[in-house]
Amino acid sequence: MESHDAIQMPSGQPESGARSQAALERVIETAAGAQRAGDGRLLAAAARYGEAAAADNQPIDQVFESLLRAVEPADFHQSGEILGATVRGYLDRMVRLRGLVRRGGTGSLSSHVARLAALYRINQAATANLDLEAMLNTVVQVVTETTAGDACSIFLYDPPANALTLRAAIGLNPDAVGRVVVPLGIGITGAAAVSRQVLAVADVRSHPAYADYPSVGDHLYTSQV
């Protein structure tokens, strides 16, 4: 089978199985003739790729990486619809192969399916709802449920002000949403935004970037990511 430079896996990762490789090549062929990312044929091909990847027991991170590399020349990676279709196919196949996983169940499969379901719900909110506030509220709810976290918040960057504004939150003071503005680089969130790196801090008050914002209501929590 021919290989494509756009879908070669990084060194150290296993090669795609035959079924998923063929399905991914079909996505590439379909993307070449599609006029937009939401083309029905392209979404169907992406869903079949998700199914084949699940059948080949590929981890979802590898599935997404292969897909994004494959369609990058056409800029289709900017659309959540393709990733959403892939998630649907992958999740459907996982459920058929291994059965439904009870909510709250343990094990890697339960966690895996929960992440996929979360991605699908976020994608649905992003592509089906033009209301930014509703979409952000969906995201914080899904992330909180999926991670079993106590709180979740979204800060959006405002370029003119060079600051972050709290736009959605769960587990924090709801009155702070839309009112709390954090200068870029200030606080753990501001530091993460500047570095574009994940900060997982076990004891936030001992972190040099910690800033106290009493109105937010996060003083109840010891750790932040």
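Which residues are buried in helix 3? They are Ile60, Gln62, Val63, Phe64, Ser66, Leu67, Ala70 and Val71. The model is predicted. It holds seven helices and three strands.

**Overall make-up**
- Along the sequence, the elements run α-α-α-α-α-α-β-β-β-α.
- The protein has 225 residues, and buried residues make up 37% of them.
- Its accessible surface comes to about 12,800 Å². Carbon and sulfur atoms account for 51% of that surface.
- Take the contacts with a separation of 6 or more: 50% of them join residues 24 or more positions apart.

**Helix 3**
- Helix 3 covers residues 60-71, twelve residues in total.
- At 1.5 Å a residue, helix 3 should span 16 Å. Its end C-alpha atoms lie 17 Å apart, which agrees with that expectation.
- The buried set in helix 3 includes Phe64 and Leu67, and also Gln62 and Ser66.

- Three strands form an open sheet in the order 1-2-3, and the pairing is antiparallel.
- Strand 1 (152-158) and strand 3 (181-183) are the edge strands. Each has a single partner strand, so one side of each is left without a neighbour in the sheet.
- From one strand to the next, the twist averages 35°.
- Strands of a sheet pair through backbone hydrogen bonds, in either a parallel or an antiparallel sense.
- Strand 2 (residues 163-170) pairs with strand 3 in the antiparallel sense, over three bridges.
- Ala163 stands opposite Pro183 of strand 3.

Methods. Residues are numbered from 1 along each chain as its sequence is written. This is a predicted model: local features need pLDDT of at least 70, side-chain atom pairs count only at pLDDT 80 or more; totals for chains, interfaces and linings use all residues. Side-chain values use heavy atoms; hydrogens and water are left out. Two strands pair if DSSP finds at least two bridges between them. Helices (H or I, at least four residues) and strands (E, at least two) are DSSP runs, numbered from the N terminus. Axes are lines fitted to C-alpha atoms, for helices over the stretch in contact, and angles run from 0 to 180 degrees between N-to-C directions. The expected span of a helix is 1.5 Å times one less than its number of residues. Buried means under 20% relative accessible area, exposed over 50%, partly exposed in between (1.4 Å probe, protein chains only). Contact means heavy atoms within 4.5 Å. Accessible areas come from the Shrake-Rupley method with a 1.4 Å probe; for residues, only the protein chains shown count as cover.
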